[in-house]
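Open the structure in your viewer and get ready to select residues. This short tour tells you what to pick next and what you will find there.

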Amino acid sequence: MNIIIISVFILGGIGLLSAVVLAIASRIFFVQTDPRIEEIENILPGANCAGCGFPSCHTYAETIVEGGAEPNRCVLCAAEGVEKISSILGVEATSAEKKVAAIHCYGGKTAAKAFEYGGLASCRAASLYNGGDTLCTYSCLGFGDCVGVCPFGALSRSGREAPQVDRERCTGCGNCVRVCPKEVISLIPRKGKVFVGCNSYEKGKIVRKICEVGCIKCNRCIKNCPEDALSMKDERVCVDYQKCTGCGKCIEECPRNVIIDTSHQQEEIEAVNQ
Amino acid sequence: MEKLVVIILSVVLVNNFILVRFLGLCPFLGVSREIKSSVSMGVAVIFVMTLASICTWFIQYYLLVPYKVEFLQTIVFILVIAALVQFVEMVIQKVSPVLQKALGIYLPLITTNCAVLGVCILNIREDYNLLETIVHGFGAGLGFTLAIVLMAGIRERISLGKVPQSMQGFPISFIIACLMALSFFGFQGFFSHS
């Protein structure tokens, strides 16, 4: 009988003592955290996609409160979300332009191979061997590192063709842009209707030799654009999305179908998904 | 002195907590994806194991033995370790935010870890004095760190390699753990006691 009472007292005593010590400690060692951090974190999507440049939504919220970052850097937050965050901080809301990833190459399958690559199935690994196994130095290698890194499952691929971007899912976080060793992917404005599907800086003559679908720099798109939105920069066609109205004239003019209609591509992806 | 060296070598290599005694397998598989986080986890374990060993040693010999209630050992130790880890976490949060960022999320994970409880109970079972207890606790943490960092190094390589689909993730990790345990089995019999 005695032993039961003793054990109850000892166990109860230790429990009580720890409780008291912890309660006192929580008072003494109380750390003041800014309640705004939690409020902002609740508005943020919590996807931890790192599109804002911070490793997690929590660190981004902390940095916003400290004044180290603008509230509009979240690629997932809608305009209302940005407004809410801004009102918590008491600053004026400015929304950033929504972007979407574009892969500027048809890649892999159609580009001729320089050598047989039998190593690790990863673009980053393959690009270490003389820049990859494709003859074109600027081509997509097609192992799909970007597909693996996308937190939203927006990229998909078949075989060794260049991956395709599902614009419905893509949030423009830029993880694929950062992982691509060949710098084939870039972020374009979401409202953009066209983008150039060739990443090559080579002269037209060389592209014609090594790639069936590369841009041969014939300049027909540039000459025929009614808005003057296209230009040649460093032997590469660039689209000025401020000027582009999406009339589709360049798509019609291009002899090699290098200029890609984003809405058409989206239809294709949706057809495949179904 | 000689005994302390034997204790530390035996607990790191011969009786490694993870690979020979199979204690603390959950963090071993859970936090071994990257070397960086596994090192943080290891440091947190070393810290908690040493501290818990000291505390439970005092509890055992100044509370449980005098009142003849050694059968309460397990439950009292769990209680004390959990409270201790909570307390230490609060102190660290206040005193050193840098340390808190490094250990922060790992400390609560170890609160009710079997390896921590295991080291405390083994201290008592082996009749260690206070100094030996501290060395044993520290060594156990060291052995845990060694195992988890080795595992993380291998898993980082494996994540790049071609693994058959049905073996990806945990299955291949268990096989790695199994092979590591087999190789550590080679240390058996180095020291006759402990």
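Predicted model: local features only at pLDDT ≥ 70, side-chain atom pairs only at ≥ 80, totals over all residues.

**Stop 1: aromatic rings in chain B**

Across all chains, the structure holds nine aromatic pairs. Start with one of them: select W57(B) and F58(B). Their ring centres lie 5.5 Å apart, and their planes meet at 85 degrees. Planes over 60 degrees apart count as edge-to-face, so this pair is edge-to-face.

Now colour the two residues by accessibility. Is W57(B) buried or exposed? W57(B) has a relative accessible area of 13%. Buried means under 20%, so W57(B) is buried. F58(B) has a relative accessible area of 37%, which makes F58(B) partly exposed.

**Stop 2: a charge over a ring**

Stay in chain B and select F17(B) and R21(B). The charged end of R21(B) sits over the F17(B) ring. The distance to the ring centre is 5.4 Å.

**Stop 3: a serine in a chain A loop**

Move to chain A and select S122(A). Where is S122(A) found? Look in the loop between strand 1 (99-103) and helix 5 (123-126). S122(A) has 10% relative accessibility, so it counts as buried.

What does the side chain of S122(A) reach? Show R124(A): its backbone nitrogen is 3.3 Å from that side chain.

Finish by displaying Y117(A), F143(A) and D145(A). S122(A) touches each of these, leaving aside residues up to four places away in sequence.

Terms used: Residues numbered from 1 in each chain as written. Chains lettered and ligands numbered in written order. Heavy atoms only, no water. Phe/Tyr/Trp six-rings, centres within 6.5 Å; stacked < 30°, edge-to-face > 60°. Buried < 20%, exposed > 50% of the residue type's maximum accessible area, 1.4 Å probe, protein only. Lys NZ or Arg CZ within 6 Å of the ring centre and 35° of its normal. Helix = DSSP H or I, 4+ residues; strand = E, 2+ residues; numbered from the N terminus. Polar contact = N/O pair within 3.5 Å; in protein donor to acceptor, adjacent residues only side chain to side chain. Contact = heavy atoms within 4.5 Å.
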